[in-house]
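Here is a short briefing for a first look at this chain. Start with the view below, then read the points by topic.

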Amino acid sequence: MAVELTTQVLDALSQTEGSIVSNDAFPSIDFTTMKSALDRLGSREFIEFRQINREEAVLTPEAEGIAAEGSHEAKVFEAVRRAVEGLKIDDLPGIVGTESAKVGRGKALGAKWIKKDGDRLKAATDSIQDTSREQLQTIQQTRTHPDPKVLTDLRKRKLVAMQKVITFEIRRGVKYAKDFVREETDLTADMLTTGAWKTAKLKPYNFKAMGAPAQSGALHPLNKVRHEFRQIFFEMGFEEMPTNRYVETGFWNFDALFVPQQHPARDMQDTFYISDPPQADKPRADPSKTEKSANGSIPSSKADGAPKQDYEAYWNSVKEVHENGKYGSIGYRYPFREEESLKLVLRTHTTAVSTYMLYKLAADPRPARYFSIDRVFRNETVDATHLAEFHQVEGVIADFDLTLGNLIGFMEVFFAKMGIHRLRFKPAYNPYTEPSLEIFGFHDGLDKWVEIGNSGMFRPEMLEPMGLPKDMRVCGWGLSLERPTMIK
């Protein structure tokens, strides 16, 4: 179609020395086809053209009826004028139509074309000038009106709508010719074999042409929401915890959190265990001087001059609180097995990292806020709602005399910053928090409440073996990164 149109454009220009307008010369051709043909001719300098953008007035269906048959008020006047003795008001809709009777009667009375005589309407003049019809006919023919006020009034009456129209003014170029010679874009094997390349007109290279835009990479949706979470945490004064250890011991992943060694979560069906090496060392200070985190380095207690911590005493306190109870607790009263505690696992939650950071905090107790966002692993059967690996968002706040109300208030502020404003909290059970709460957010798309996290106040059996003061409370919460992403 574009090739045929190029010939038509050249033929149209051959009949005039001036310019032509695309909409006048080719009214049935759409914008895309016309632009393609003009670009083709323009690139060879056969023509020059410029784009003209303008707004045209277009009649609505009601206005087209007025332009053809007259305005509502004119119809009413003609019906009344033909009735010599006057026209009953109740008979008017049956003659001119309900719409014309409703709109036209008032306007005809206002213009003093007709008058009311009891229950009849009578003509007040012999002839009228149907201005509305004349104005609309002018617009229908010229697509505009010389008086802008008229256009404004007709638009308010919803008789005229403005429509953007793109046309092209086309004139001859410096290399204009009536015949369009096809230019070859490729030098083919046939052309070389037959010698046709000698007489073929080859299209010149356009070294100034813009290349096709390259496909750029994009952030994964989870990375976008992860970044948003991190910014919220930093904005609220949190410090990011180091989460580079995917492999943890059963001690840090379970025992230090007051999770009993017989808990179902520690079964092979729920946790990935490492077979080589078969077990780890007991808890001890890190050999490195500093622990690297995602947003800098956190000096160890040895490096910053903090009191040296007794890991052996901590191990024994955790063991005792499990076996016999301590710090006001009766414990679980079972034989604590060291080999179970020293097994290596793929961490099932980042709370293992939180536990380690709280133990480090015990060397210098003070209000603190920590967070982490990283991968955790569960021995789950993969289905539509479960994966063996997912991302956990976790936060802990340590301060003196914190309450459950502080935790709920913080959750409401935190999730509001994520755009989740409708929350519900439900009592729950966790081995290492009491009281515990499940967090639900309302999903507008699914029109139902969706569980998005878990939270609670860490138990004394977890905190006091670390050496934290009795009046220091720690609240924590955890949620997957995937579910808030789904809700957003």
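Helices are DSSP runs of H or I with at least four residues, numbered from the N terminus. Helix α10 spans residues 189-194, and L192 is found in it. The model is predicted. Its chain carries 18 helices and 17 strands.

**Confidence**
- The chain has a mean pLDDT of 85.
- A value of 70 or more is reached by 94% of its residues.
- Among the elements, strand β7 (residues 239-240) has the highest mean pLDDT, 93.
- Strand β10 (residues 296-299) has the lowest, 44.
- The pLDDT is below 50 over residues 289-303. This stretch still has 32 contacts in the model beyond near neighbours in sequence.

**Overall form**
- The radius of gyration of the chain is 41 Å, whereas a compact globule of 488 residues would have one near 23 Å.
- The C-alpha trace spans about 115 × 95 × 45 Å along its principal axes.
- Of contacts between residues at least 6 apart in sequence, 71% join residues at least 24 apart.

**Surface and interior**
- Buried residues account for 41% of the 488 in the chain.
- The accessible surface is about 27600 Å², and carbon and sulfur atoms contribute 50% of it.

**A nonpolar patch**
- L187, L192, W197 and L202 form a nonpolar patch on the surface.
- Together these residues have about 410 Å² of accessible area.
- Is L192 buried or exposed? L192 has a relative accessible area of 51%, and exposed means over 50%, so L192 counts as exposed.

Conventions:
Residues numbered from 1 in each chain as written. Predicted model: local features only at pLDDT ≥ 70, side-chain atom pairs only at ≥ 80, totals over all residues. Heavy atoms only, no water. Patch = residues over 30% accessible without salt bridge, like charges linked within 9 Å, V, L, I, M, F, W, Y side chains within 5 Å. Areas by Shrake-Rupley, 256 points an atom, 1.4 Å probe, with all protein chains shown as cover. Salt bridge = Lys/Arg side-chain N within 4 Å of Asp/Glu carboxyl O. Helix = DSSP H or I, 4+ residues; strand = E, 2+ residues; numbered from the N terminus. Buried < 20%, exposed > 50% of the residue type's maximum accessible area, 1.4 Å probe, protein only. pLDDT = per-residue confidence, 0-100. Contact = heavy atoms within 4.5 Å. Rg over C-alpha atoms; globule rule 2.2 N^0.38 Å.
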